[in-house]
Each structure stands twice: as C-alpha cells, then as structure tokens.
Amino acid sequence: MLNRTFTIDDLRRILREAAGQDEWVDLDGDILDTGFDELGYDSLALLETGTRVEREFGIKIEDEALTSARTPRALLGTVNTHLASASAS
Amino acid sequence: MTARVVVTGLGVTAPNGLGAADYWSATLLGKSGVGRITRFDPAGYPARLAGEIQDFVGADHLPSRLIPQTDRMTQLALVAADWALVDAGVVPAELPEFSAGVVTASSSGGFEFGQGELQNLWRKGGQYVSAYQAFAWFYAVNSGQVSIRHGLRGASGVVVSDQAGGLDAVAHACRQIRRGSALVVAGGMDASICPWGWAAQLASGRLSRSDEPDRAYLPFDARAGGFVPAEGGALLILEEAGAARARGARTVYGEIAGYGATFDPRPGLGREPGLRRAIELALTDAGLEPDGVDVVFADAAAVPELDRIEAAAITAVFGPRGVPVTAPKTMTGRLCSGAAALDLAAALLSIRDGLIPPTLNVSPAPEYRLDLVTGQPRPAALRTALVLARGYGGFSSAMVVRAPASASASEETTEDNRCSTGPSPSTT
C-alpha cells in the first residue's frame, strides 16, 4: 500500500463531490477548526463523505468514528490514523 | 370551522413550458412537448415517446448542496415551489413557525436516483451506494425537501393515488387549512423517464406504441391506442381566503370550491365505475348544479375502455355535448401525480383569460357525444371549471375551481360554497 496522506484539499474535493457546498460557506478558507455543522454538513453528508474516503483510500472506518469527528482537523486525524495502521500492517 | 381556500401562486414545470407563463402560452398555441425519449435509448422498448422537460438542469436553479441528494422529480418540485412562492409574494421566513406546510402527491418516488444506486450496488458493491438513497427515492421526499428548504414546518404529508393524486393532495391541503394552517404548498410532481421507471409504466399495458408524436396520444378519438407518459407537474400556493386578503396577496387565481373522490368497485361485479359519483360529490361540495360548470378538464386516458367510461360519466351528469370538455395534457403527455395539479393550474388560467385551451391532434369520436374543444382555444366566459383525474387501480377524483370572488362579486357566498373536501375527523 502507498504511504498516502489524507489532506485538507482531499477533504474539500470529496465534500463537494459527496454533498455539494452551501453558498455562504468558503470551503477554500481556513476551515480546519470550523465545525462541520457550521460548514453546512449534517450527519448524512458526513456519512456519504466518509464512504467516498474509504473507497478512494482503501480503508474502513466505523460509522461512529466518522460521525464523532466534529471538525475537518478531527476527521483528517481519524482518517490518517487509519491510513497509518493500514500501511503498518 | 369553515374556510374558503384560494390559490395565490402557481409553480409549473411541464414538457411544453417551464414556468406558468411559458406553459400557458405554449398551451394556448397548441405547442406539444411530446417526442422520442432522449434521456435513455428507447429503441429496445415497446413504447418510445414521452413528454420530457428539455433544458432543465437542476444545478442552474438550486444550491449545489441539494443536487447530490435529490432525484430529478425533487429538483423539479423544489424549483416549482420556489416559483410558486415568488408568484404568491410569500416570504416563508416571515410566517409563524408551524403555520405553513407542504402536501404533494407522488406516483413513483425517485426512480432515476434509485436506479442509479441499484446499479452501483450490483456492479460495484454496497460501498458505492449513496447515503442519500436513504430518502431520495421516498414517495414523501418532495414534501420533505420543500419543507426543509423553506422552513415550512406545519402539517404536511404525501398522498399516493397515481394520477388522481394531484387532486387528492390539493384536497388534503384544503383539509389542513380548514384545521388551521395558514398556507399549504400543494400539488404533484413526478419524473421517472428512466429504464426502471419505464418498465414500471409499461406494466400497465396502457402506453402508446406509436412513434409519431402527433398520433400517439388521442383521447376520445376512434384511433386512441394508449397514452404517452410524461414528467413534471405543478405546485400551488393555497391559503385561507381571509388570510390571503389580510396579507394583501397580489393575485388570487381562484378558489378550490369542491372535491369528490371515489374508488371503483371490485372488477367483475358489473357495477358502474366511480367517476360519475366523484363528479356528483364534487358538484355537491361546491354547491353547484351541473349547469353551473363552465368547462371540464378530462382525465383523458386514451385507452378506449377508459375513454368510454369517462365520456359516459360526463354525459350522465351534464348531458350529451352539455359542457365544453378539453384535455390540454395531449400537449404534455400524462404526468402521473403531476397531471391533475397541472390541470388545476390550466383551469385557473383558463378562467383568468376566458379561454379554453384545445385538445391537440384529436378528432373526437361521435359515439362519445362530448363537446370536445379541439384546434384553437375557445373563448368563453368561465366562472367555474371541473378537473377530473383517475389513478391506476381504481382511484377517481374530481375538483371544482371557481373564479376569484372579485370576479364574481354578484355571487352570494355561503358556507355551502367552501372547500369542505368531504368528511373528516374535524367535521362533526
């Protein structure tokens, strides 16, 4: 497995594909610590986003771990932890 | 509790026109939206014509946030609701929180979306099925999405009775207004011109197999051989008449004056189908005698047996050639749950303009003894219109619309002239 990292730009792209973007949200701004609710994404949007991340990065993340990540920084952390353990194993 | 229900806004998406103004001018010009299917290759199917809405791209009208989670029928419904609210001059955010709701009819749900996700499931696996499949295919999704978009949190719902649904939804909205809702967005919208939706429609055995758009859908014609399905519909803004007046509604298209719905007897009993009784119930509800109806918008199945039943019901109530009858849906095809809602819009616009739109392409069979309006729009002083709709499986509904009170000032308004929409738990 490639030693790949899940970046904020990956997240921005996948969020847009999975769930679109609210007009009043600047997804390209500094959003690392902005809550997903503030960014206009509900739990279903995050579920769809998570499924797409799993498909693209070849990992499996429990639904609870996905939906408990309240900010992009937390989700990056969750995904990258999974990526690290996947490449270590 | 009595309530007169008026229509104060129209949102139309039809194969021959996007927006009420475009639809209506196309309809008066006899412009058809029926053609060979373009949304998939119909070559291998026994029916190949449909009324498709061309040039509608949901993303042109709606936020990107809504696109991945919506079927085409929901995108059409969201846009029609936007237009209807603008037409009515209503700003939903200014309404009391639970005073306004949404009632739509649906025939199939989001078939095109559902087909795509089923294909993902069998070709790629469960990981590739959209999370939004959870609701995007629901019958109730149009009501839900319109409610969420505009914060319309009052009594809402969905009715499923095929083509009769467009009237049944408006009747249910009238009930909600009688129970205290200030405003309801109501009507029907369907769009299932995709292989899965097409297979489901073919199962009825009632689709036209013609490849000629001007000979494919000929209700009340000796050549009738089935109908052309279509996509689209209409959403109406319904308000209690006093509330509409109090907020200074700029347009009152007319009043929902009466409604009747019946269910056909079980096949094989030899009993009369329910349509005539639905008409009589609607007239009674509106406080009208048959001679008080100025025009009938027919269900127009274009299946000979069903045409015969409808013509018999109309002539039983109104007499042979006793009332002008028309079917502007010959220009759109049959829109499932959207059809009767669109006919309500057409009926109200007919009353406004004093013009009955024509039935396109049809040479009326004399045996039906109908005064069918064909060729050109017919000028007429119209104060009332009766809209008929039948749904597959035995549903028959009839609804009377009446000119707005200002246009019929000489008429004494009585409690009998309200939209009572039949017995309900709140009526004692």
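**Exercise 1.** Is B:Phe220 buried or exposed, judging by its C-beta neighbours inside 10 Å?

*Solution.* The model is a predicted one. Begin with the place in the chain: B:Phe220 sits in the loop between α8 (195-202) and β8 (232-240) of chain B. Next, take the count, which is 28 C-beta neighbours inside 10 Å. The cut-off for a buried residue is 20 or more. B:Phe220 therefore counts as buried.

**Exercise 2.** State what the backbone angle phi shows at B:Phe220 and at B:Asn361, and then classify B:Asn361 as buried or exposed.

*Solution.* Start from the general rule: most residues other than glycine have a negative phi. B:Phe220 is not a glycine, yet its phi is positive, about 65°. B:Asn361 also is a residue other than glycine with a positive phi, near 70°. This residue belongs to the loop between β12 (355-356) and β13 (371-372) of chain B. B:Asn361 has 21 C-beta neighbours inside 10 Å, so it counts as buried.

**Exercise 3.** Describe how helix α1 and helix α2 of chain A are placed relative to each other, and list the residues that meet.

*Solution.* Two packed helices are described by the angle between their axes and the distance between the axes. Here α1 covers residues 8-19 and α2 covers residues 43-57 of chain A. Their axes come within 9 Å and cross at roughly 120°. The crossing is right-handed. From α1(A), the residues A:Ile14, A:Leu15, A:Glu17, A:Ala18 and A:Ala19 take part, and they meet A:Ala45, A:Glu48, A:Thr49, A:Arg52 and A:Val53 of α2(A). By class, this contact has 6 nonpolar, 1 polar and 3 charged residues.

**Exercise 4.** Which residues touch the most other members of the largest nonpolar core, and what does B:Val170 contact?

*Solution.* In general, nonpolar side chains tend to be buried together in soluble globular proteins. The largest nonpolar core has 135 residues, and those touching the most other members are B:Val170, B:Leu236, B:Leu238, B:Leu344, B:Ala345, B:Val387 and B:Met399. Take B:Val170 and leave aside its neighbours within four places in sequence: its contacts are B:Ala186, B:Gly187, B:Leu236, B:Leu238, B:Ile256, B:Ala341, B:Leu344 and B:Met399. A second, separate core has 15 residues, including A:Leu15, A:Ala45, A:Leu75 and A:Val79.

**Exercise 5.** How many residues does each chain give to the contact between chain A and chain B?

*Solution.* Chain A gives 13 residues and chain B gives 12. The chain B side divides into 8 nonpolar, 3 polar and 1 charged residues.

Technical notes: Residues are numbered from 1 along each chain as its sequence is written. Chains are lettered from A and ligands numbered from 1 in the order in which they are written. This is a predicted model: local features need pLDDT of at least 70, side-chain atom pairs count only at pLDDT 80 or more; totals for chains, interfaces and linings use all residues. Two residues are in contact if their C-beta atoms, placed from the backbone, lie within 7 Å. Ala, Val, Leu, Ile, Met, Phe, Trp, Tyr, Cys and Pro count as nonpolar, Asp, Glu, Lys and Arg as charged, and the others, Gly among them, as polar. A nonpolar core is a set of buried Ala, Val, Leu, Ile, Met, Phe, Trp, Tyr and Cys residues joined through C-beta atoms within 7 Å. A residue is buried if 20 or more other C-beta atoms lie within 10 Å of its own, exposed if 12 or fewer, and partly exposed in between; C-beta atoms are placed from the backbone. Axes are lines fitted to C-alpha atoms, for helices over the stretch in contact, and angles run from 0 to 180 degrees between N-to-C directions. Helices (H or I, at least four residues) and strands (E, at least two) are DSSP runs, numbered from the N terminus. A crossing is left-handed if the near helix is turned anticlockwise from the far one by less than a right angle, and right-handed if clockwise.
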